[in-house]
Amino acid sequence: MNGLDNIGVYSQRAEEFGLALRGGFHPVDEDSVPPLVAGQSPRTLLLFGNVGSSIWSVFSESTEFKDAEPDPLNRWSERIGHALAEEWGGAAFFPFGGPPYQPFLKWAKKAECLESSMLGMLMHPTYGLWHAYRFAIGLPQEVILDITADQPSHACNSCDEKPCLGGCPVNAFDGSRYDVERCYRYLKSTPGAACHRHGCQARIACPEGSGYVYQTDHAAFHMEKFLLSQSERFETDSSVIK
Ligand code: B12
Ligand code: SF4
Ligand code: SF4
């Protein structure tokens, strides 16, 4: 076994950026993983992202966070994703930049024991809803993956009360659909809403992974960026973006 066959090499390097290795798999054609270069399919795909606010201390000190240019988290992710891919002789793929988007939710379910939650986001047995993806790296070598065969039971199946569905002040979630416009209009018209400072109240109402709820400045950062992106989508009056 050389160093790059060992899964620990990848997770330890990623941790330097506050990123967690979020599992991996050996792709087949149906996984729709792009080639590394023309004609060379990756033999391993590894996913990386944050669990709780794990990236926040590194990201909030980065050039991208401080330079006041658009999309700081995406630019930070691109810089680190491309650098690690180059270091490991692979290629980086990102969850943003579409449409079309790379199928990260499908890849994530294949890489780890995850299920879609009542809110649409993926439920993790430890982190609950408090995790996300920053990039995936395709590698030419076959890395031995430590994938557990045990599928933990899906938390939503035994959650009788489903407090998430009642957590949103405007019922933007109905258990099958997320009404993005309703969420956006409420946030825009209610500057004092708890969602702005603490994050989505429907997500917070879920008892799973409560030790990983995003810290306030991290949650507020995402909400501000979400509002900005949806303002471009829902407002015809460009003066809304100030
Ligand atoms: C487009 C998109 C959105 C759109 C949703 C579009 C719509 N429904 O109208 C918008 C911008 C609204 C959105 C919002 C958020 N998103 Co989003 N989103 C994506 C993205 C880039 C593509 C999904 C897609 O279109 N796939 C293609 C279609 C064909 O597949 P699909 O399965 O039908 O996709 C649908 C769902 O993914 C859903 N969706 C996407 N995001 C979210 C978030 C929530 C809360 C829900 C219920 C549904 C939902 O909308 C898609 C289109 O209908 C993915 C990343 C990726 N590459 O997959 C992230 C992704 C799904 N989003 C994610 C997250 C975390 C969010 C936010 C919570 C971000 C945040 N602030 O932290 C917010 C929710 C805002 C809030 N109220 O808090 C994570 C989910 C992680 C997880 N634990 O499962 C992903 C995987 C991104 C990532 N970097 O990890 N998102
Ligand atoms: S509150 Fe219950 S139903 Fe809702 S996402 Fe959490 S575990 Fe699932
Ligand atoms: S951010 Fe607030 S308004 Fe939007 S879905 Fe979550 S709880 Fe509802």
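**Ligand 3 and beyond**

Modeller: Around ligand 3 sit Cys168, Pro169, Ala172, Phe173, Cys183, Tyr186, Cys195, Cys200, Gln201, Ala202 and Met223, where being near means having a heavy atom within 4 Å.

Biologist: Which elements give two or more residues to that shell?

Modeller: α7 (180-189) and α9 (201-204) do. Helices are DSSP runs of H or I with at least four residues, strands are E runs of at least two, and both are numbered from the N terminus.

Biologist: And how do the shell residues divide into nonpolar, polar and charged?

Modeller: It's 10 nonpolar, 1 polar and no charged. Ala, Val, Leu, Ile, Met, Phe, Trp, Tyr, Cys and Pro count as nonpolar, Asp, Glu, Lys and Arg as charged, and the others, Gly among them, as polar.

Biologist: What should I know about the model itself?

Modeller: It's a predicted model, where local features need pLDDT of at least 70, side-chain atom pairs count only at pLDDT 80 or more, and totals for chains, interfaces and linings use all residues. Residues are numbered from 1 along each chain as its sequence is written, chains are lettered from A and ligands numbered from 1 in the order written, and side-chain values use heavy atoms, leaving out hydrogens and water.

Biologist: OK, aromatics. How many pairs in the whole structure?

Modeller: A search finds 19 aromatic pairs. Rings of Phe, Tyr and Trp (its six-membered ring) pair if their centres lie within 6.5 Å; planes under 30 degrees apart are stacked, over 60 edge-to-face, the rest tilted. Phe173 and Tyr178 have ring centres 4.8 Å apart and planes at 15 degrees, so that pair is stacked.

Biologist: Is Phe173 buried or exposed?

Modeller: Phe173 is buried, at 9% relative accessibility, while Tyr178 is partly exposed at 32%. Buried means under 20% relative accessible area, exposed over 50%, partly exposed in between (1.4 Å probe, protein chains only).

Biologist: Which residues form an aromatic cluster?

Modeller: Tyr10, Phe48, Trp88, Phe94, Phe96 and Phe135 form one.

Biologist: Switching to the cores: which residues touch the most other members in the largest one?

Modeller: Leu19, Phe48, Trp76, Phe135 and Ile137, out of 24 residues. A nonpolar core is a set of buried Ala, Val, Leu, Ile, Met, Phe, Trp, Tyr and Cys residues joined through side-chain atoms within 4.5 Å. α1 (7-15), β2 (44-51), α2 (56-59), α4 (72-88) and β6 (131-139) each supply at least two residues of this core, and α4 gives the most, with 6. Apart from this core lies another of 20 residues, including Cys156, Ala172, Cys183 and Leu227.

Biologist: Now the strands. Why call β2 largely enclosed?

Modeller: Because 8 of the 8 residues of β2 are buried. Strand β1 (residues 20-25) is largely enclosed too, since 5 of its 6 residues are buried.

Biologist: How do β1 and β2 pair?

Modeller: Antiparallel, over 4 bridges; strands pair if DSSP finds at least two bridges between them. Leu21 stands opposite Phe48 in β2, and Ala20 has Gly49 as its bridge partner there.

Biologist: What joins β2 to β6?

Modeller: 8 bridges, with the two strands running antiparallel. Val51 has His131 in β6 as its bridge partner.
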